[in-house]
Amino acid sequence: MQAWKDYISQNKDRFMEELLDLLRIPSVSADSKYKGDVARCAEAVKDNLLKAGADKAEVMPTPGHPIVYAEKIVDPKLPTVLVYGHYDVQPADPLNLWTSGPFEPVIKDGKIFARGACDDKGQMFMHIKALEVMAKTNTLPCNVKIMIEGEEEVGSSNLGKFLEDNKEKLKADIVLVSDTSMISMEHPSIESGLRGLAYMEVEVTGPNRDLHSGVYGGAVGNPITILAKMIASLHDENNHITVPSFYDKVQELTEAERKALNSAPFDLNEYKNELGVKDVWGEKGYTTLERTGVRPTMEPNGIWGGYTGEGAKTVLPSKAFAKISMRLVPNQKSDEIAELFKKHFESIAPASVTVKVTNHHGGEAVVTPTDSPAYQAAAKAIKTTFGKDPIPTRGGGSIPIVALFESVLGLKTVLLGFGLDNDNIHSPNEKYDVANFYKGIETIPYFHKYFAESKS
C-alpha cells in the first residue's frame, strides 16, 4: 500500500535512531550485574510501543526479568495476531574481538553492528515500527497483541507460567515471530521448523584441592584431561553421537524430503570461505544443510579449569567444567535427552573422578505447516515485497517458547525472520543489514493484511 511506503520513507531515519537507542542498553539477561539495564530496556520497549500507537502497554514482572505486553484492538470480531520477540541479549564476551563497542552501535557498509542488532532487538523492533506504520495510517486490518520477553537467551524459564496465568490476555489466532533468518535477500525464505534444545553443565572433580603438577602429576587423575577424553568420546569415528538411545525417536527423512531440503541455494565453497575453514565437519552421510536443519547435534559450548591467567602456574586442578548443548529434532523430548545424557556421562567417568551433571534448560523442536493460511499469508507478503516466492527451510536454532505457544495456548507460529546466517548472532561483531531492517518493516504489514483476508 502506498500509504505504508510513504510513511516508512518519511520516518525511516527516526526509526533507525530509535533502534540505535535501544541497542545502547546492555540488556544482558545472563549476568546479574545487568539486571537494572534489563529493567530499563523493558521500560524503553514499553514506551516505544505506546508511541507506536498501542492502546496500552505494560511491564509485567516475573520471578526473573519482566515481560512487556501491549495490544492494539481494532475490532474484537477481527482476527488477532500475537507478536513475540525478546529484548534481552547474549553476553558480549570476548570483548577484545569486537571492532566497535558491543553497546555502542555503529553503521558501517550498510550494516548495524551491536549486540542484539539482529538477535533480537532489530527484528523485534521491526514489529513495533510495522505497528506504527499501520496505526498511524489508520490501516490496521486486524488486532495485534505484542509480547516481548527478557529471558529468551537464558531459556525462558518463567514464560511457561506467564502463558498459563494469562491465557485470556494472550488469546489470538496465530503467533508471529521474527527471531530467525532467511537464506539471502536474493533468495528469501521462511523457516518451517526449529530444532529443540537440551543445555547441560558438567563438573568433573578429582583431588580435594589443586595440586602441584610435578609432585602429583602422573599419579592423580587430572580432571581437565579426563573431561576432555569424556567429551571426545561423545562422538564416534563417523561423528555419530554415542549416547545410548539418543537417536531412538529421530525420524529419518524420505529421499523426496532430503531432495527438497537440499534444493535450497547453497554454495559449499562460499560457506567454507566465509567461515575461514578448510573443510566442514559433521555426521557422516548427511549434507551440511541436513546437519544444520534436520539432524540432532552435540556441541561443547565452553570448557574451563585450572589456571588460565597470565604467565605460568604448574597446577593439577581439582575441578574442570564444561557447558554442552544438544540440538534436537521432532519427537526428541528435551527432558528425556537430558536424562539420557546425564546417565551416560556419569557412566563413562573413571573411578579417579566424580561427576556432577546439571540440566540448565531446554525446549522442544517444532515444525510449522506450510499449507496453513498463516504460512501462506507470510509467503504472499514476501512475494509482494521481494518479488519472488520464499523458499521453505528448516532452522538450526531453537526458540523454546514456540512449542509452549502450541501446548499452552493452542497456537501455531509463523517464523518470519529477516536475519542472515552470517549476522554473527551470539558472537563478536553481531550485525544486522540496514536493508533487511527496512524490508522487514515493509513486509510485516502485508502479513497482517493477508492473514486478515484469509480469515474473513
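Predicted model: local features only at pLDDT ≥ 70, side-chain atom pairs only at ≥ 80, totals over all residues.
## Ground rules

Residues are numbered from 1 along each chain as its sequence is written. Local features need pLDDT of at least 70, side-chain atom pairs count only at pLDDT 80 or more, totals for chains, interfaces and linings use all residues, and side-chain values use heavy atoms, with hydrogens and water left out.

The largest nonpolar core holds 68 residues. A nonpolar core is a set of buried Ala, Val, Leu, Ile, Met, Phe, Trp, Tyr and Cys residues joined through side-chain atoms within 4.5 Å. Buried means under 20% relative accessible area, exposed over 50%, and partly exposed in between (1.4 Å probe, protein chains only). Among the residues with the most contacts inside this core are Val45, Tyr87, Phe418 and Phe447.

Helix H12 (residues 434-455) supplies the largest share of this core, ten residues. Helices (H or I, at least four residues) and strands (E, at least two) are DSSP runs, numbered from the N terminus. A second, separate core has 28 residues, including Met200 and Phe246.

## Aromatic rings

The model has ten aromatic pairs. Rings of Phe, Tyr and Trp (its six-membered ring) pair if their centres lie within 6.5 Å; planes under 30 degrees apart count as stacked, over 60 as edge-to-face and the rest as tilted. Phe341 and Phe345 are stacked, at 5.3 Å centre to centre and 20° between the planes. They are four residues apart in helix H9 (residues 334-347), so about one helical turn separates them. Both Phe341 and Phe345 are buried.

Phe447 and Phe451 also form a stacked pair, with centres 5.7 Å apart and planes at 5°. Both lie in helix H12, four residues apart. Phe447 and Phe451 are buried. Trp4, Tyr446 and Tyr450 make up one aromatic cluster.

## Charges over rings

The charged end of Lys12 sits over the ring of Tyr438, 4.7 Å from its centre. The rule: NZ of Lys or CZ of Arg is within 6 Å of the ring centre and within 35 degrees of the ring normal. Lys108 has its charged end over the ring of Phe113, 4.8 Å from the ring centre.

## The second largest pocket

This pocket has a volume of about 550 Å³. Its lining has 24 residues; Leu253, Glu257, Val294, Val367 and Arg394 are the closest to its centre. Strand S16 gives the most to the lining, four residues.

On a 1 Å grid over the protein atoms alone, a pocket is an open set of points where a 1.4 Å probe fits, with protein on both sides within 12 Å along at least five of seven lines; lining residues have an atom within 4 Å of a point. Volume is the space filled by probe spheres set on the points, which are joined across faces, edges and corners.
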